[in-house]
Amino acid sequence: QKMPPSLPATINIREPRWDQSTFQGRAKHFFMVTDPRNLLLSGATLEEARRVVEDYRAGTVQPGLTEDQLWRAKYIYDSAFHPDTGEKMILVGRMSAQVPMNMTITGCMLTFYRTTPAVLFWQWVNQSFNAIVNYTNRSGDAPITPSQLGTAYVSATTGAVVTALGLKSLTKHLPALIGRYVPFAAVAAANCINIPLMRQRELKLGIPVTDENGNRLSESTAAAQKAIFQVVVSRIGMAAPAMAIPPVIMNMLEKRAFLKRYPYLNAPLQVGLVGLCLVFATPLCCALFPQKSSMPVSSLEPEVQEQIRKKDPWLETVYFNKGL
């Protein structure tokens with residue numbers, strides 16, 4: 001039996017497999033990144049994927065390795081190891097944990113929204129999870145200090161709880177369905193507080209902007225503002241279907257005899273519906289904007305434009321990593 005031809009060492013596995021200039025390409029990439037099945041992989045499988053990727057980057061191609069196996073190893077490696085530090089990430093902070101963790105937390109927020117202690121508890125759980133995710137997926141170029149992490153965590157939790165309790169009191173005399181949307185409003189408000197605070201260093205000092213080939217040109221706060229705005233929109237979009245569709249379905253089901261006879265099925269049904277929405281909403285909303293975002297040089301701060309003009313007078317567009 002003939003051995004398959006050796007794989008060329010020229011495949012760029014630092015970039016995603018699919019064309020990131022199209023929504024379809026970005027969606028395929030994020031379906032792989034957020035695949036919850038990656039959480040079930042053993043430590044040995046993760047280490048093997050790390051070895052394949054690091055060997056390939058160093059120019060060593062394992063005999064018999066196919067292109068599909070290489071890309072599979074790359075996505076397993078990316079799902080568990082930090083891109084900047086190479087450290088194994090906390091399990092619940094990985095992107096592959098987004099769907100199972102969010103479906104549980106969101107399902108419970110939507111189920112237990114009637115009492116003040118329940119609202120307080122589940123908003124606190126949600127913001128604690130967000131803090132872990134934001135810390136785990138931090139940029140190595142701009143590390144988060146414990147004080148920044150603490151400030152963002154306390155501010156986002158307070159913002160979410162105040163919004164939730166404020167809206168809860170306003171909706172007391174309104175139809176029950178409107179009361180079910182209070183958790184979504186609180187989560188949206190918390191995202192608008194949490195993400196900018198988590199990335200405050202980028203807003204103060206800027207993020208690296210590069211040319212098309214990845215050559216670093218300068219740091220821009222205007223690029224940081226655009227990046228953070230895109231991430232906030234994606235995160236709110238991610239939560240929207242999971243927090244908007246199940247309440248309508250649950251409101252209809254609660255009027256039927258089935259749920260009145262089996263009230264203990266309320267929470268599992270809610271969690272299941274949220275999970276179904278999140279399986280699609282998470283990767284599709286991550287794909288709304290390219291990870292490698294861009295903006296015209298003319299939209300940058302005047303001093304940054306000047307720095308770039310000195311290096312390349314004809315450059316019209318710069319690129320930057322928007323984060324997740």
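Predicted model: local features only at pLDDT ≥ 70, side-chain atom pairs only at ≥ 80, totals over all residues.

Student: Is Thr 282 buried or exposed?
Tutor: Thr 282 is buried. Its relative accessible area is 1%, and the cut-off for buried is under 20%.
Student: Which residues is Thr 282 in contact with, leaving aside neighbours within four places in sequence?
Tutor: Thr 34, Gln 98, Val 99 and Met 238.
Student: OK, new topic. Which residues form the nonpolar patch on the surface?
Tutor: Phe 23, Phe 31, Phe 229, Val 233, Leu 276, Val 279, Phe 280, Leu 284 and Leu 288. Together they have about 780 Å² of accessible area.
Student: Which elements give two or more residues to that patch?
Tutor: Helix α12 does, along with α1 (23–33) and α10 (221–253).
Student: And where does the largest share come from?
Tutor: From α12, with 4 residues.
Student: Take Phe 280, then. Where is its place?
Tutor: Phe 280 is also in helix α12. Phe 280 is partly exposed because its relative accessible area is 45%, which falls between the 20% and 50% cut-offs.
Student: Let's zoom out. How is the protein chain divided?
Tutor: Into two domains. Domain 1 covers 23–88. Domain 2 is made of 95–208 + 216–281.
Student: How far apart do their C-alpha centres lie?
Tutor: The centres of domain 1 and domain 2 are 28 Å apart.

Terms used:
Residues numbered from 1 in each chain as written. Heavy atoms only, no water. Buried < 20%, exposed > 50% of the residue type's maximum accessible area, 1.4 Å probe, protein only. Contact = heavy atoms within 4.5 Å. Domains from an automatic or database assignment. Patch = residues over 30% accessible without salt bridge, like charges linked within 9 Å, V, L, I, M, F, W, Y side chains within 5 Å. Areas by Shrake-Rupley, 256 points an atom, 1.4 Å probe, with all protein chains shown as cover. Salt bridge = Lys/Arg side-chain N within 4 Å of Asp/Glu carboxyl O.
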